[in-house]
Each structure stands twice: as C-alpha cells, then as structure tokens.
Amino acid sequence: MYVVLAIMLGLLVPYGIRVMLGPSVWDRLLGMNLIASKIIVIIIIFSSVNEMTFLLDFAIIYALSGFIGTIFIALFLSERNRKKDKGGKENGNS
C-alpha cells in the first residue's frame, strides 16, 4: 500500500506543473481538480492502511468542498468571459 501512496504522490508533480504552467485558466482548474482527487485517494488509502476510519470523513468533506469550489470558479470564469465577449461585440459595432 505504501507503494501506491508513493505513486499517488508522484503523480502530483505533473499536475502541479500543469497548474503553474497551464496555457489557460481552464487547464489550471483541471490541474487543481486532478490534485484534489489524488489527495482524496491518498487520504482514503492512508486511512485504510492505518485503520483510521475518522479520516474518511475528512476525505468526504474535502471532496465536497473541492467540487463546490470548482463549480463556483467555473461559473465565475464563464460569466467573466461572457461579459468580456459581450462588451467586445458592443464596442466593435459602434
């Protein structure tokens, strides 16, 4: 199980690179989602190996907060892009 944990931790490196160097905001958001999902898996594996079942509650809370945060960030970005596109079209017509 510790080998699986090491592999999961190793997978965080390319996702972190995607977050830092992502060509767009959407790539960075995707990288953050991948990091969050790997952290959830790490918490679940760690809690099962060490028989600490109370950590599963933290994994569930982390998953829900990450999901809700991702939805809000995506809505914010799409609304911002929609306003930018709308403003650009109005300025182009006048």
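Is Glu 79 buried, partly exposed or exposed? With a relative accessibility of 32%, Glu 79 counts as partly exposed; here buried means under 20% relative accessible area, exposed over 50%, and partly exposed in between, using a 1.4 Å probe and protein chains only.

## About the model

Welcome to this structure. This is a predicted model, in which local features need pLDDT of at least 70 and side-chain atom pairs count only at pLDDT 80 or more, while totals for chains, interfaces and linings use all residues. Residues are numbered from 1 along each chain as its sequence is written, and side-chain values use heavy atoms, with hydrogens and water left out.

The pLDDT is the predictor's confidence in each residue, from 0 to 100. The protein averages a pLDDT of 87, and 93% of the residues score at least 70. Confidence is lowest in α3, with a mean of 84, and highest in α2, at 91.

## How α1 and α2 pack

Let us begin with a pair of helices. Helices are DSSP runs of H or I with at least four residues, strands are runs of E with at least two, and both are numbered from the N terminus. Two packed helices are described by the angle between their axes and the distance between the axes. Helix α1 covers residues 2-21 and helix α2 covers residues 25-49; their axes come within 8 Å and cross at roughly 165°. Axes are lines fitted to C-alpha atoms, for helices over the stretch in contact, and angles run from 0 to 180 degrees between N-to-C directions.

The crossing of α1 past α2 is left-handed, meaning that the near helix is turned anticlockwise from the far one by less than a right angle; clockwise would be right-handed. In this contact of α1 with α2, the residues divide into 19 nonpolar, two polar and four charged. Ala, Val, Leu, Ile, Met, Phe, Trp, Tyr, Cys and Pro count as nonpolar, Asp, Glu, Lys and Arg as charged, and the others, Gly among them, as polar.

## The loop between α2 and α3

Glu 51 lies in the loop between α2 and α3. Although Glu 51 is not a glycine, it has a positive phi of about 55°. Glu 51 counts as exposed, at 71% relative accessibility.

The structure holds one salt bridge, that is, a side-chain nitrogen of Lys or Arg within 4 Å of a carboxyl oxygen of Asp or Glu. The side chains of Glu 79 and Arg 82 form it, at 3.4 Å from N to O. Both residues lie in helix α3, three residues apart, about one turn of the helix. Arg 82, at 52% relative accessibility, counts as exposed.

## Pairs across the chain

Helix α3 spans residues 55-93 and contains Asp 57, which is partly exposed with a relative accessible area of 48%. Ile 44 belongs to helix α2 and is partly exposed, at 39% relative accessibility. From Ile 44 to Leu 56, twelve residues apart along the chain, the C-alpha separation is 6.1 Å.

Leu 64 is also placed in helix α3, and its relative accessible area of 52% makes it exposed. Leu 64 and Ile 40 are 24 residues apart along the chain, with their C-alpha atoms separated by 11 Å. Phe 67 lies in helix α3 and counts as exposed at 53% relative accessibility. Phe 67 and Ala 36 are 31 residues apart in sequence, yet 9.2 Å apart in space, C-alpha to C-alpha.
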